[in-house]
Amino acid sequence: MIFKNCRRCRHRSHSMVIYVAVCTMSLLIGCSSIRNVHQNEQCSNYPNPQSSQYILPYATGEAYPVIQGNCAPEEYPWTHYGNLRFAYDFGMPIGTTIIAVRAGTVVFVRDNFTDNDHGKNQGNAIVILHEDGTYALYAHITNKGSKVRVGQIVKQGEGIVLSGNSGESPTPHLHFQLNACGDFTKCESMPVSFRNARSGTNRLEQGEVYTAE
Ligand SMILES: [Zn+2]
């Protein structure tokens, strides 16, 4: 995903769901405040994969390549730096079933754009809130690709969306990101390990293919 600079999200609401939805919408339409952070200092510190709460975002037995990993260089065409430095892009065909990496509550859904819509305002996505207050963003999903609605509780491993190529996406893929808060303009992505990736893997490496075991 590519996020251009613009003013910070100022929308407020007494409802957390609406607040998150509005602010996430602002993110997806380009409202971001990417800071110049020293991105490499945290890029070797990942949670223990054996005790991770997270599984890969696709079905057991399936395998996909990481086409953009963490802590990318700050140059075209890379986008995973600054606030987005712990995001992963998994290359996969349009229509691949994406599963919930962790149980939670759906707080944002947008799936009205098509896979031929590539403007920065045209990325489909859903966001799920976890019990510890972290948020998962699943982006570039296909037109009408959401299987869930706002407010719905989902289980880990449940099919939630179909992948796509909407928004600022040069090739069909899933952009997955774990975030420290729901206002994606204010806080950063977080390092995440997947307990069903290759044994002992903490950081997924760009160019490698990972089977959901
Ligand atoms: Zn991405």
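1. pLDDT is the predictor's confidence in each residue, on a scale from 0 to 100. That is the place to start here, as this is a predicted model. The chain averages a pLDDT of 84, and 81% of the residues score at least 70. The stretch to watch is residues 2-38, where the pLDDT is below 50. Beyond near neighbours in sequence, residues 2-38 still have 69 contacts in the model. I'd keep one caution in mind: where pLDDT is low, the predicted coordinates should not be read in detail.

2. Now the overall layout. The chain has one helix and 10 strands. Of the 213 residues, 45% count as buried. If you take the contacts between residues at least 6 apart in sequence, 73% of them join residues at least 24 apart.

3. Eight strands make an open sheet in the order 7-4-5-6-9-2-1-10, and the pairing is antiparallel. Strand 7 and strand 10 (209-211) are the edge strands, each pairing on one side only.

4. Strand 7 (residues 153-154) is joined to strand 4 by two bridges, running antiparallel, and glycine 104 sits opposite valine 154 of strand 7. Strand 4 (104-110) also runs antiparallel to strand 5, this time with five bridges. Here phenylalanine 108 has valine 127 of strand 5 as its bridge partner. Strand 4 is mostly covered, with six of its seven residues buried.

5. Next along are strand 5 and strand 6, an antiparallel pair with five bridges. Valine 127 turns up again in this pairing, standing opposite leucine 137 in strand 6. Leucine 137 in turn stands opposite glutamine 177 in strand 9. Strand 6 and strand 9 are antiparallel too, over five bridges.

6. Which strand has seven of its seven residues buried? That would be strand 9, which spans 173-179. His173, His175, Gln177 and Asn179 point one way from the strand, while Leu174, Phe176 and Leu178 point the other way, and all of them are buried. The general rule is that in a regular strand the side chains alternate between the two faces of the sheet. Besides strand 6, strand 9 is joined to strand 2, antiparallel, by four bridges. In that pairing, leucine 174 is the bridge partner of phenylalanine 90.

7. Last, the core. The largest nonpolar core has 41 residues. Those with the most contacts inside it are Ile98, Ile126, Val127, Ile128, Ala136 and Tyr138. Elements giving two or more residues to this core include strand 1 (63-68), strand 2 (88-91), strand 3 (97-99) and strand 8 (159-162). Strand 4, strand 5 (125-129), strand 6 (135-139) and strand 9 are on that list as well. Which strand gives the most to this core? It's strand 6, with five residues. For context, nonpolar side chains tend to be buried together in soluble globular proteins.

Note on methods. Residues are numbered from 1 along each chain as its sequence is written. This is a predicted model: local features need pLDDT of at least 70, side-chain atom pairs count only at pLDDT 80 or more; totals for chains, interfaces and linings use all residues. A nonpolar core is a set of buried Ala, Val, Leu, Ile, Met, Phe, Trp, Tyr and Cys residues joined through C-beta atoms within 7 Å. A residue is buried if 20 or more other C-beta atoms lie within 10 Å of its own, exposed if 12 or fewer, and partly exposed in between; C-beta atoms are placed from the backbone. Two strands pair if DSSP finds at least two bridges between them. Two residues are in contact if their C-beta atoms, placed from the backbone, lie within 7 Å.
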